[in-house]
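Please keep the sequence and the model at hand while reading.

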Amino acid sequence: EVSSHVFVVGVMGGIGSGKSTACQMLVSELIAPGKGLYLEADSIARGLYQPKSPVIQVLQQEFGPSIVLENGEINKANLAGIIFADPEARQRLEQIVWPLTKQEVSNQIDQAARDWQLQQSTDHDIGDDGERINTPIVVLEAAMLLDAGWEDMLDALWVITASKEAAFQRLVKGERALPADDVERRMEDQKVRRGMGNLDEEVKQGIVTAVVDNSGTTEALQQALSTTLKEAVENWKKPPPSS
């Protein structure tokens, strides 16, 4: 299997944890140029919502005509209103969209693996400066990786964490300037998500393979990611123990 030559790391984290920053840093600073691919599951899911696409037709059958605009695009406000008011509706939406998103993610990983195999060189796995990893790596950001059951796609699963104070600083006082009560509600809501409310248990079970704290500086985050990445890739490359 071509994609078995590619290291796939899933990255999760709560609101304000800085998981997107961490993913971008991995690809732009810590993985050798041309050897990293950043996939953002929410963005891929949004790409499924093309006018007249099968996804929109299924959603319209499930939630009614009010969720589709006259031009065929999804009416995000109406759909959001339905799923936030009804947890069962949210589950039905996830059951429709998550498998399709997973398939598209898998397709993009396979394509990247084929491209990397064509470009294969005799480079060492660690860059000449000893800092940037030269192994083909896919960084997959998805807050709902565990809830969606995507563990089988991953070689490692990391959770980016931040103190409540640090997350609040970013979300309320930073560029996003979100209302404090909205942030509180979203932080509370996400506690039911696997890998968030029960993080310690997921770590004990070995499902989450690393926790990276991002309560401090950008430099501290980069150092933590660098160490975690090198250890993860080295472990991945070790031959399996002989029986």
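The cover over the buried residues of helix α9 includes strands β1 (7-13), β3 (137-141), β4 (156-161) and β5 (210-213), together with helix α1. Here buried means under 20% relative accessible area, with exposed over 50% and partly exposed in between (1.4 Å probe, protein chains only). Helices (H or I, at least four residues) and strands (E, at least two) are DSSP runs, numbered from the N terminus. The model is predicted, so local features need pLDDT of at least 70 and side-chain atom pairs count only at pLDDT 80 or more, while totals for chains, interfaces and linings use all residues. Residues are numbered from 1 along each chain as its sequence is written, and side-chain values use heavy atoms, with hydrogens and water left out.

The residues of α9 that are buried are L221, L225, S226, T228, L229, A232 and V233. This helix has 20 residues and spans 28 Å from its first C-alpha to its last, close to the expected 28 Å at 1.5 Å a residue; the expected span is 1.5 Å times one less than the number of residues.

Helix α1 (residues 19-30) and α9 (residues 218-237) have axes that come within 10 Å and cross at roughly 70°. α1 is therefore roughly perpendicular to α9. Axes are lines fitted to C-alpha atoms, for helices over the stretch in contact, and angles run from 0 to 180 degrees between N-to-C directions. Angles under 35 degrees count as roughly parallel, over 145 as roughly antiparallel, 65 to 115 as roughly perpendicular and the rest as oblique. On the α1 side, T21, A22, M25, L26, E29 and L30 meet T218, L221, Q222, L225, S226 and L229 of α9, where contact means heavy atoms within 4.5 Å. The residues of this contact comprise seven nonpolar, four polar and one charged. Ala, Val, Leu, Ile, Met, Phe, Trp, Tyr, Cys and Pro count as nonpolar, Asp, Glu, Lys and Arg as charged, and the others, Gly among them, as polar.

Elsewhere, the axes of α6 (residues 164-172) and α7 (residues 180-189) come within 10 Å and cross at roughly 130°, which makes α6 oblique to α7. K164, A167, F168, L171 and V172 of α6 meet A180, V183, E184 and M187 of α7, a contact of seven nonpolar, no polar and two charged residues.

For α4 (residues 76-85) and α5 (residues 87-118), the axes come within 5 Å and cross at roughly 120°. L79, I82, I83, F84 and A85 of α4 make the contact with P87, A89, R90 and L93 of α5.
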